[in-house]
Amino acid sequence: MAHSRRILTAELLSIGTELTVGETRDTNAGELARSLTDLGVGVGRIQAVPDDLGIVTAAFAGALERVDLVVSTGGLGPTPDDLTRESIAAVAGEQPTIDPTLEGWLRGLWSRRGMPFPEMNLKQAWLIPSATALPNDNGTAPAWWVDRPDGRIVVALPGPPREMRPIWKDHALPRLQAIGAGRDIAHRTFRLAGIGESQLADMLGEELLRASNPIVATYARADAVDVRVSAVGGDAAAGELPARSLVDAAAEHVLGLIGPYVWAEGETTWPEAIGAALDDRSWTLACLEVGTGGSLATLFGDRPWLALGESLAPGAPGAAAHADGRTMAGLEALVRRAMAVGGATVGVGVRSRPRGDDTVVNVVVVQPDDVHRERRQVFLGGANGRSRAGLAAAAVLLAQLQSGMPGNGAVGGPPLSVARPARAPRGQGPRCSPGRAGSGGHR
């Protein structure tokens, strides 16, 4: 039988005093929000609440007045301060009782270990009449799926991500899909470098950024600036376009404005994009850095195609030992030495130095039949400038690997394309703003 209510909106509750006092960071909510958005369920609110019965109960009650689905994490432990079950029961007006099947499963966990069963844990065998248990193979707290009389749904998940994630993906999310939760949606995300978020917004224009369907939005990440194009499909019976058609048409328009700055689509990372370009040619890479604190090698991480990664302090003897390491020629000599030591096919060298409040970056890319040299100025100095120097070098390297076109060795070429955009953003110059740091994750 069809579900009595279309599940189109949701709110997320993260329950636990450890969150509201800052002892634990919540990573669950972001993961849940993304999967719900991908399903076509709009997340209208995310809130963290402490282990207080009145506050948690009010949070559930308020959310159930506003949205079709409430997903909570945390508060399913066995101790008196784990209050999620009590709060849901209070909102539902139902009395929890011990479920014999859950009790047998719980007692079996301790019996297999030859340990006495703590009676306190019987709380984790509770159910109310409107709830069904979702199995937890990684802990002792089954989740709850609660069907409300008006068709609304509550899903209560454990807090530890290693328990929450498989329950959500293997049990809760498939049930939502089975009842037809969400709507026809689609999205495409483009990753950009060599441009700041404000410059990008200026290129796209206010009219495009204020459109409601499709929606075009910009996001500054730690390692890039993203442009996300998303849409909700219309009624096919009325001849309205599906979401994919709307998104693809808008994405083509967006690419016409920002194409030269786009280095990847989707969730591709710098090492994934660079690794793919190297693997296409069965090439390996040597990375030589001066004054960056190893930011480029840190960005790459442990990759099979990285034959050598070396970082020198600006005053180190090796940084000036080959044809004056402060010049492009000297940096190239250092790169070639690193390539020889690592047996690499390609080499990239980056040297950063402060200039006022910002950072100047020299980049040399040595390929089998080509040498490219480029100078940039990146936003901010100190650790931020060094990190951005690594991102600038990654952008130059990827552009050279993808272009397959011989360079002329000139300094200060375009960011990621052999052609500049038709309409340059205000304030564009040699400055590169790969994106500002984000706010970080939760737990």
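Author: Some ground rules come first. Two strands pair if DSSP finds at least two bridges between them. Helices (H or I, at least four residues) and strands (E, at least two) are DSSP runs, numbered from the N terminus. This is a predicted model, in which local features need pLDDT of at least 70 and side-chain atom pairs count only at pLDDT 80 or more, while totals for chains, interfaces and linings use all residues. Residues are numbered from 1 along each chain as its sequence is written, and side-chain values use heavy atoms, with hydrogens and water left out.

Reader: Which strands are the edges of the open sheet formed by 6 strands?
Author: The order in that sheet is E2-E1-E3-E8-E7-E6, with mixed pairing. Each edge strand pairs on one side only. The edges are E2 (42–49) and E6 (131–134).

Reader: Which residue in E8 stands opposite Trp144?
Author: Strand E7 (residues 143–147) and strand E8 (residues 153–157) pair over 4 bridges. The sense is antiparallel. Trp144 faces its counterpart in E8, Ala156.

Reader: At about what angle to E1 does helix H2 run?
Author: H2 covers residues 28–39. This helix lies across E1 (9–15), E2, E3 (69–73) and E8. Relative to E1, the angle is about 165°.

Reader: Why is strand E15 described as largely enclosed by the rest of the structure?
Author: Buried means under 20% relative accessible area, exposed over 50%, partly exposed in between (1.4 Å probe, protein chains only). E15 covers residues 346–355. The strand is largely enclosed because its count of buried residues is 7 of the 10.

Reader: Which residues stand opposite Val350?
Author: E15 is joined to strand E13 (residues 285–290) by 6 bridges, and these two run parallel. E15 is also joined to strand E16 (residues 358–367), by 9 bridges, and that pair runs antiparallel. Val350 stands opposite Glu289 and, in E16, Val363.

Reader: Which residue in the hairpin of E15 and E16 takes a positive phi?
Author: The hairpin has 2 residues between the strands. The phi is near 60°. The residue is Gly356.

Reader: Is Ser282 buried or exposed?
Author: Ser282 sits in the loop between helix H10 (270–279) and E13. Its phi is positive, about 55°, although it is not a glycine. At 66% relative accessibility, Ser282 counts as exposed.

Reader: What is the relative accessible area of Leu380?
Author: Leu380 lies in the loop between strand E17 (370–378) and helix H13 (382–403). Leu380 has a positive phi of about 80° although it is not a glycine. Leu380 is partly exposed, at 29%.

Reader: Which peptide bond is cis?
Author: Most residues other than glycine have a negative phi, and most peptide bonds are trans. Here omega is near 5°. Pro214 lies in the loop between helix H8 (206–209) and E10. The cis bond runs from Asn213 to Pro214.

Conventions
Contact = heavy atoms within 4.5 Å. Axes fitted to C-alpha atoms, helices over the stretch in contact; angles between N-to-C directions.
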